[in-house]
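Subject: Structure handover

Hello,

Here is the structure I promised to pass on. Please open it beside this email and follow along.

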Amino acid sequence: MHLEATNRTPEVSISESSLEMKGECYPEDISAFSEPILESLEEKLEPCDSFSVSLELRYFNSSSAKFFFDFFEVLEQAAEDGKSISIEWRYRSSDNSMKEAGEDFEEDMEKADYKLVEI
Amino acid sequence: MDSHDFHKLLLSRGTFFCYSGLLSEEVLTAISSIVREQVTDIDHDEDLTTRVFGIFIEQAQNIIRYSEERLAEGGIGTVAIGHTNEGFVVEAINPMNSDNVLTLKENLNELQQMQPKDLRKAYKQRLREGPPEGSKGAGLGFIDIARKSSKFEFDFVESPELLFVLKAWIVP
């Protein structure tokens, strides 16, 4: 699955063993954006032993925060089921908001390997 | 007020962006990249400009979802951004239903009293618990505005229809 970035949505690539997301996220219709991604993620996670995720966001709005919360919950659940899940939350060194957001999501991750990466 | 006075008023407030009328997600798509460009052109501190932009998006989406005056897929309202020596101001005005005044007032008063770490906690708690009844989004918009702003003020004005005014300051 590959989605090109738009003004309001990030670039998203999902392969058999990884997911990458990069850009800004404040979609016109959050469900229309998030549902296919969550569906595809769950489908890829099912057969795999290990899965890696890289997120590099510059901005997301409060409606998208709920999507990211659900997204991380799916990953944490997979890790609890015994899969090896690694997540990189990449933020620019000047970007305090995105650093804080990354830390907020980190708090709920126990089994998944979650790293904050300054770029 | 004639046009010249109107223009002078905008200048005196440092207003560089003002939109008044129907706000829908389509309209927001059309204007958000212009706002993004203008804000980053004024200040090169990306953390600051992303906060200004984020507050603008939340304010605009509040009007889209909650303005009492509806048209097609959106709501009627005004959103303006100004810049002075002190920093940025994002303000929004929209008609509202008087039944919601008390709840809104309580909610915003509470957020105004909260320290950054409490706002952060409230944001996370809301994320876990899901949106409150009557919310058309994640129920996080005002908490997000409180977190991203340096301070904010609100008011309810009879003009004669009831207007909700929310003003957020973002200073370096």
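Below is what was found, beginning with the ground rules.

This is a predicted model, so local features need pLDDT of at least 70 and side-chain atom pairs count only at pLDDT 80 or more, while totals for chains, interfaces and linings use all residues. Residues are numbered from 1 along each chain as its sequence is written, chains are lettered from A and ligands numbered from 1 in the order in which they are written, and side-chain values use heavy atoms, with hydrogens and water left out.

**The interface**

Start where the two chains meet. Chain A puts 26 residues in contact with 28 residues of chain B. Contact means heavy atoms within 4.5 Å.

The size of an interface is often given as the accessible area lost when the parts come together. Here the area buried between chain A and chain B is about 2400 Å². Carbon and sulfur atoms give 42% of that area. Buried area is the accessible area (1.4 Å probe) that two parts lose on being put together, summed over both. In chain A, the residues that lose the most area to chain B are Tyr59(A), Ser62(A) and Asp104(A). Together they make up 24% of what that side buries.

There are 22 residue pairs in polar contact between chain A and chain B, both residues being at pLDDT 80 or more. A polar contact is a pair of N or O atoms within 3.5 Å; within protein, one must be able to donate a hydrogen and the other to accept it, and residues adjacent in sequence count only if both atoms are side-chain atoms.

Which elements of chain A give two or more residues to the side that touches chain B? They are β4 (50-60), α2 (62-80) and α3 (96-106). Helices (H or I, at least four residues) and strands (E, at least two) are DSSP runs, numbered from the N terminus. α3(A) gives the most, with six residues. By type, this side of chain A divides into seven nonpolar, seven polar and 12 charged residues.

**Salt bridges**

Side chains of opposite charge can pair when their charged atoms come close. A salt bridge is a side-chain nitrogen of Lys or Arg within 4 Å of a carboxyl oxygen of Asp or Glu. The whole structure has 21 salt bridges over all chains. Across the interface of chain A and chain B, the rule finds 12.

One of them pairs Asp104(A) with Arg120(B), at 2.8 Å from N to O. Another joins Glu107(A) to Lys124(B), at 3.3 Å. Glu107(A) lies in the loop between α3 and β6 (113-118) of chain A and Lys124(B) in helix α5 (residues 116-129) of chain B, so this pair joins two chains. Salt bridges with shared partners also link Glu100(A), Glu103(A), Asp104(A), Arg120(B) and Arg147(B) into one network.

Within chain A, Glu16(A) and Lys44(A) form a salt bridge at 3.2 Å, N to O. The two are 28 residues apart, and the pair links distant parts of the chain. Glu16(A) is exposed, at 57% relative accessibility. Lys44(A) is buried, at 13%. Buried means under 20% relative accessible area, exposed over 50%, partly exposed in between (1.4 Å probe, protein chains only).

**Arg8(A)**

Look next at the loop between β1 and β2 of chain A, where Arg8(A) is found. Is Arg8(A) buried or exposed? At 3% relative accessibility, Arg8(A) counts as buried. Arg8(A) forms a salt bridge with Glu25(B), with the closest N and O atoms 2.6 Å apart. The side chain of Arg8(A) also makes a polar contact of 2.8 Å with the side chain of Thr29(B). Within its own chain, that side chain reaches the backbone oxygen of Tyr26(A) at 2.8 Å.

**Helix α5(B)**

Finish with α5(B). Its buried residues are Leu119(B), Ala122(B), Tyr123(B), Lys124(B) and Leu127(B). What covers them includes β4, α2 and α3 of chain A, together with α4 (101-113) and α6 (141-148) of chain B. Just after the helix, Gly130(B) takes a positive phi of about 85°.

Best wishes

Definitions and conventions
Ala, Val, Leu, Ile, Met, Phe, Trp, Tyr, Cys and Pro count as nonpolar, Asp, Glu, Lys and Arg as charged, and the others, Gly among them, as polar.
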